[in-house]
Amino acid sequence: MDAYDAGSAACRGPEEEPRDAPSSAVPASAPPARTGVAALSLRYQIGAALALAVVAITVCVHTGMVFLHVAPPNTVTKQHGKAIDDWIYPEFEQNWKLFAPNPLQQNISVQVRAEVVGGDGTRTTGWYDLSAQDGRAIDGNLLPSHTEQNELRRAWDFFVATHDAQNRPVGLRGALSETYLRRIAELRLDREDAAGAGGVVERVQFRSRTTNVPPPKWSDERVSDKPSYRVLPWWWVDNKEESADAAGAASAHGVQGGAR
């Protein structure tokens, strides 16, 4: 029994120490691996820094331009209004304003009438009050549609903003606003069956009726209660306008006859 216990020790020399299992531990002084931008070379790090700087500057400039566009009039907007508009329009147009706007002091009603051609000749309809139609559709409706609330109002605001006092377009967006209003008129008149049986709407005309909101009873302010009108010229509907243009072109080139 003793010889058996001492057998393993007898195989070693008197000065030989027991051998430990080999170690696979990573030295503690190994540097951590670099990730992200730090892993790039110096040239690419500089490029990434420049790209981030350009993006940050662009975001700051855009935020500042939008803020100045929606902010109340101030010294900066008066001096640099054109530069701000050039940045905002048309891609970044905003139709809201910061802070409380001035309360509405006028009621504006948009109306339209049509020139109809039928079997009994040409006639002009009465004025259809489109604003009143939208008002009746919204009144008492818990979930009014976006079209009933905003389509006509935004279209008229768009027209007024892109035309002068003589109803002449100012810039390229003026023609777009006219087309928008004309399409609304065609849809509304068709819904009202303004042409009647066998009739065709040939031209449409808009006008606005503006009345002042009366002041409260406790106020000593006095305003006129007489309505004022802004009457637009007659516009051909799409099919008639195209036919008139084609006829004019044919006449200019000496073409005889007409479409059958």
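Let's start with alanine 71, which is buried, at a relative accessible area of 11%. Keep in mind as we go that this is a predicted model. Alanine 71 sits in the loop between α3, residues 42–70, and α4, residues 75–79. If you look for tryptophan 96, 25 residues away along the chain, its C-alpha atom is 9.4 Å from that of alanine 71.

Now, the core. Which residues of the largest nonpolar core touch the most other members? They are Leu181, Val201, Val204 and Phe206, out of 21 residues in that core. The elements giving two or more residues to this core are β1 (106–118), α7 (146–161), α8 (173–191) and β4 (200–212). As a reminder, nonpolar side chains tend to be buried together in soluble globular proteins.

At the start of α6, a side-chain oxygen of aspartate 129 comes to within 3.3 Å of the backbone nitrogen of serine 131. Just after α6, glycine 140 has a positive phi of about 80 degrees.

That brings us to charges. How many salt bridges does a search of the whole structure find? The search gives 6, and I'd like to walk you through some of them.

Arginine 188 pairs with aspartate 134, with 3.3 Å between the closest N and O atoms. Because arginine 188 belongs to helix α8 and aspartate 134 to helix α6, this pair ties together parts that are 54 residues apart in sequence. Arginine 188 and aspartate 134 are both buried. There is a network here as well: salt bridges link Asp134, Glu151 and Arg188.

Over in helix α5, residues 81–88, aspartate 86 and lysine 82 are 4 residues apart, which means about one helical turn separates them. They form a salt bridge whose closest N and O atoms are 3.1 Å apart. Is lysine 82 buried or exposed? Lysine 82 is exposed, with a relative accessible area of 64%.

Finally, arginine 168 makes a salt bridge with aspartate 164, the closest N and O atoms being 3.0 Å apart. Arginine 168 is partly exposed at 49% relative accessible area, and aspartate 164 also counts as partly exposed, at 22%. Thanks, everyone!

How values were computed
Residues numbered from 1 in each chain as written. Predicted model: local features only at pLDDT ≥ 70, side-chain atom pairs only at ≥ 80, totals over all residues. Heavy atoms only, no water. Core = buried A, V, L, I, M, F, W, Y, C linked by side-chain atoms within 4.5 Å. Buried < 20%, exposed > 50% of the residue type's maximum accessible area, 1.4 Å probe, protein only. Polar contact = N/O pair within 3.5 Å; in protein donor to acceptor, adjacent residues only side chain to side chain. Salt bridge = Lys/Arg side-chain N within 4 Å of Asp/Glu carboxyl O.
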